[in-house]
Amino acid sequence: MKQLVLEDGTVFVGEGFGSDRETIGEVVFNTGMTGYQEVISDPSYCGQLITFTYPLVGNYGINRDDFETVNPSALGVIVKEHCEFPSNFRNEETLDEFLKAKQIPGISGIDTRKLTKIIRQHGTMKAMITTVDRPVTEAIKILEDTKLATDQVKQVSTVKPYVVPGRGQRIVLMDFGMKHGILREFTKRHCHVTVVPYDTTAEEILRLKPDGVMLSNGPGDPKSVPEAIDTIRQLFGTVPIFGICLGHQLIALASGADTSKMKFGHRGINQPVKDLRTGRTYMTSQNHGYAVDLESLQTTKMDLTQVSLNDETVEGLLHKDYPVFSVQYHPESSPGPEDTAHLFDEFLEMITIQQEQKKKEDLSCLSVQI
Ligand SMILES: NC(=O)CC[C@H](N)C(=O)O
């Protein structure tokens with residue numbers, strides 16, 4: 001027997017799978033009907049307990065291809081039913097075996113529809129997955145006394161820079177908890193990628209002579225990495241920049257806008273987003289609990305380019321003067337629709353245009369000298 005205890009005193013009793021260790025985190029829900037392996041291994045879930053609203057999880061097992069990081073940092077998996085006998089040609093191990101190996105607790109037999117309704121009404125909150133049967137008041141006290149970590153980016157970012165070599169454009173990728181999917185999109189396009197820690201300075205980045213800088217997704221509150229906000233501000237105007245999710249929020253903060261915590265966030269793979277420039281709607285993959293405040297953009301140099309059709313929150317930004325743009329959703333999908341993968345091509349085109357402009361400027365300087 002295992003229990004899921006919420007901060008508001010609700011107790012769900014279920015069966016345990018995965019690790020038996022007790023964990024406390026922020027309970028959130030993901031509405032994707034597939035892609036549990038990518039979700040569980042997405043570093044942006046660091047410190048969170050993931051509720052899957054789709055009722056059967058684990059039915060195609062765990063494979064060697066779909067990881068978004070080597071060591072997942074989610075703190076728990078909450079499901080209605082987990083499949084013990086997966087069937088798929090790529091299957092390597094069961095979800096239970098995987099969670100045990102990675103020390104992540106799972107709880108099944110939960111009315112995830114009821115749990116999701118509670119989260120939607122109350123907002124995300126602290127919760128505990130435990131095998132210990134203690135009085136509810138005691139469990140609530142423990143939850144109240146537990147301060148959730150705020151250094152998640154530091155926990156999941158690479159400690160040292162490393163290179164994924166290629167012969168194409170040179171990209172510096174700031175790793176705030178990068179999903180492998182982002183790297184996959186650049187290697188597919190033959191880029192030479194240098195992945196650097198979250199606290200790398202602008203000077204160190206520019207010394208690498210990048211053609212473009214990519215700001216990755218990542219866990220937690222964007223305001224908890226002020227050093228990265230400073231770095232990004234210094235990079236504006238020096239090199240083309242593309243930000244995804246946490247990277248998008250950091251670009252907004254660096255430009256003087258504000259972010260705030262949403263009630264229960266967006267986590268799923270069919271989130272509709274409208275591009276205000278073309279009128280086109282895209283289905284997007286999302287996982288975020290914070291959002292850029294719309295009004296706060298007014299005094300900045302950022303133009304609103306895309307909005308969520310579910311709640312009209314900010315989904316895309318473009319700098320008025322510099323080649324800097326960002327999206328709140330995940331164009332790398334993994335998991336989810338690939339409708340917006342063209343953004344990686346647009347970033348590389350932005351870089352090429354920038355390079356051609358610079359060449360022209362250099363040539364005109366030269367002709368003036370002659
Ligand atoms: N996937 C992400 O990058 C998430 C960004 C941020 N941690 C949020 O929850 O809003």
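Me: Which residue stands opposite L49 in β6?

Reply: First, some conventions. This is a predicted model, in which local features need pLDDT of at least 70 and side-chain atom pairs count only at pLDDT 80 or more, while totals for chains, interfaces and linings use all residues. Residues are numbered from 1 along each chain as its sequence is written. Helices (H or I, at least four residues) and strands (E, at least two) are DSSP runs, numbered from the N terminus. Two strands pair if DSSP finds at least two bridges between them. Here, L49 stands opposite G76 in β6. Strand β4, residues 48-52, pairs with β6, residues 76-78, in the parallel sense over three bridges.

Me: What do seven strands close into, and in what order?

Reply: They close into a barrel with mixed pairing, in the order β1-β2-β8-β6-β4-β3-β9. From one strand to the next, the twist averages 35°. Angles run from 0 to 180 degrees between N-to-C directions, with axes as lines fitted to C-alpha atoms, for helices over the stretch in contact.

Me: Which strands does helix α3 touch?

Reply: Contact between two residues requires that their C-beta atoms, placed from the backbone, lie within 7 Å. Helix α3 (residues 112-122) packs on the sheet and touches β1, β2, β3, β4, β6 and β9, its direction making about 125° with that of β4. Helix α4 (residues 136-145) also packs on the sheet, touching β1, β2, β3 and β9.

Me: In what order do ten strands form an open sheet?

Reply: The order is β10-β12-β11-β13-β14-β19-β18-β17-β15-β16, again with mixed pairing. The edge strands, β10 and β16, each pair on one side only. In this sheet the twist averages 25° from one strand to the next.

Me: Do β11 and β12 run parallel or antiparallel?

Reply: They run parallel, joined by six bridges; within this pairing, I171 stands opposite V193 and D175 opposite P197. The chain crosses from β11 through helix α6 (residues 180-188) to β12 in a right-handed β-α-β crossover. Right-handed denotes that, with the strands pointing away from the viewer, the path from the first strand over the helix to the second runs clockwise. By contrast, β10 and β12 run antiparallel, joined by three bridges, and V164 has V193 as its bridge partner in β12.
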